[in-house]
Amino acid sequence: MIGAMNKAIFLDRDGTLNYDDGYTHKPSDLKIYDGVIEGLKELQDLGYLLIIITNQSGINRGFYDENQMNEFHETLLSELGVKIEKIYFCPHKPDENCDCRKPKPKLLQKALQEFHLTPEECYFAGDKDSDIQCGLNAGTKTFLITHSKGGTFQDLVKLIKS
Ligand SMILES: [Mg+2]
Ligand SMILES: [Zn+2]
């Protein structure tokens, strides 16, 4: 039912869901952090849509192409085993000054619109300041993922339940 769920957790990818070895793109290099899958399941059970927003400048740097990224995403989604509504990505390098690279909020605003979401009901969860800024720029709540005490997906679940 469209409109039944109006809140989402926006997720950064590298360093948030999977380990980031620098321009990670090979399915065989995919390692998901402990606790991520369980945390995402709980967030979903709380009625949040899950949407990934990721900077992938490795594409325009020529390190990999969009097809390779898509293959990585297929593996990621199958290993996560939770429903990810959509993956938004920016392929540009910082010096291209595009309008979609985080912390710019364009992709996040697009997602808010496409899924009829209320920004104030949503969180941006990521490991970098650019993720937090991106969320703030679009009016969502934010949560810094550190994978240590206070900054895990379980901690986000606790915060939401509190
Ligand atoms: Mg990251
Ligand atoms: Zn871009």
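How does the chain get from β4 to β5? It crosses through helix α4, residues 129-138, and this β-α-β crossover is right-handed. Keep in mind that the model is predicted.

Now step back to the whole sheet. Strands of a sheet pair through backbone hydrogen bonds, and the pairing can be parallel or antiparallel. Here, five strands form an open sheet, and the pairing is parallel. Read across it and the order is β3-β2-β1-β4-β5. Which strands sit at the edges? They are β3, residues 86-90, and β5, and each of them pairs on one side only. From one strand to the next, the twist averages 20°.

Move along the sheet from β4 to its other partner. Strand β1 covers residues 8-11. It pairs with β4 in the parallel sense, over three bridges. Look for Phe-10 here: its bridge partner in β4 is Phe-124. Helix α4 comes back into view at this point. It packs on the sheet and touches β1, β4 and β5. The direction of α4 makes about 170° with that of β4.

Next, go to the other end of the strand order. Strands β2 and β3 also pair in the parallel sense, this time over five bridges.

Leu-50 has its place in strand β2, which covers residues 49-55. Is Leu-50 buried or exposed? It counts as buried, because it has 20 C-beta neighbours inside 10 Å, and 20 or more is the cut-off for that label. Its contacts reach several parts of the chain, even with residues up to four places away in sequence left out. Among them are Ala-8, Ile-9 and Leu-11, as well as Leu-40, Leu-43 and Gln-44. Leu-50 also touches Val-82, Lys-83, Ile-84 and Glu-85. Compare that with Gly-35, which is 15 residues from Leu-50 along the chain: the two C-alpha atoms are separated by 16 Å.

Finally, turn to the loops. The loop between β3 and α3 holds Pro-103. The peptide bond from Lys-102 to Pro-103 is cis, with omega near 15°. Asn-97 is found in the loop between β3 and α3 too. Its phi is positive, about 45°, although Asn-97 is not a glycine. Asn-97 counts as exposed, because it has 9 C-beta neighbours inside 10 Å, and the label applies at 12 or fewer.

Where is His-147? It lies in the loop between β5 and α5, the helix of residues 153-161. His-147 is a residue other than glycine, and its phi is positive, near 60°. With 15 C-beta neighbours inside 10 Å, His-147 counts as partly exposed.

Methods
Residues are numbered from 1 along each chain as its sequence is written. Chains are lettered from A and ligands numbered from 1 in the order in which they are written. This is a predicted model: local features need pLDDT of at least 70, side-chain atom pairs count only at pLDDT 80 or more; totals for chains, interfaces and linings use all residues. A crossover is right-handed if, with the strands pointing away from the viewer, the path from the first strand over the helix to the second runs clockwise. Helices (H or I, at least four residues) and strands (E, at least two) are DSSP runs, numbered from the N terminus. Two residues are in contact if their C-beta atoms, placed from the backbone, lie within 7 Å. Two strands pair if DSSP finds at least two bridges between them. Axes are lines fitted to C-alpha atoms, for helices over the stretch in contact, and angles run from 0 to 180 degrees between N-to-C directions.
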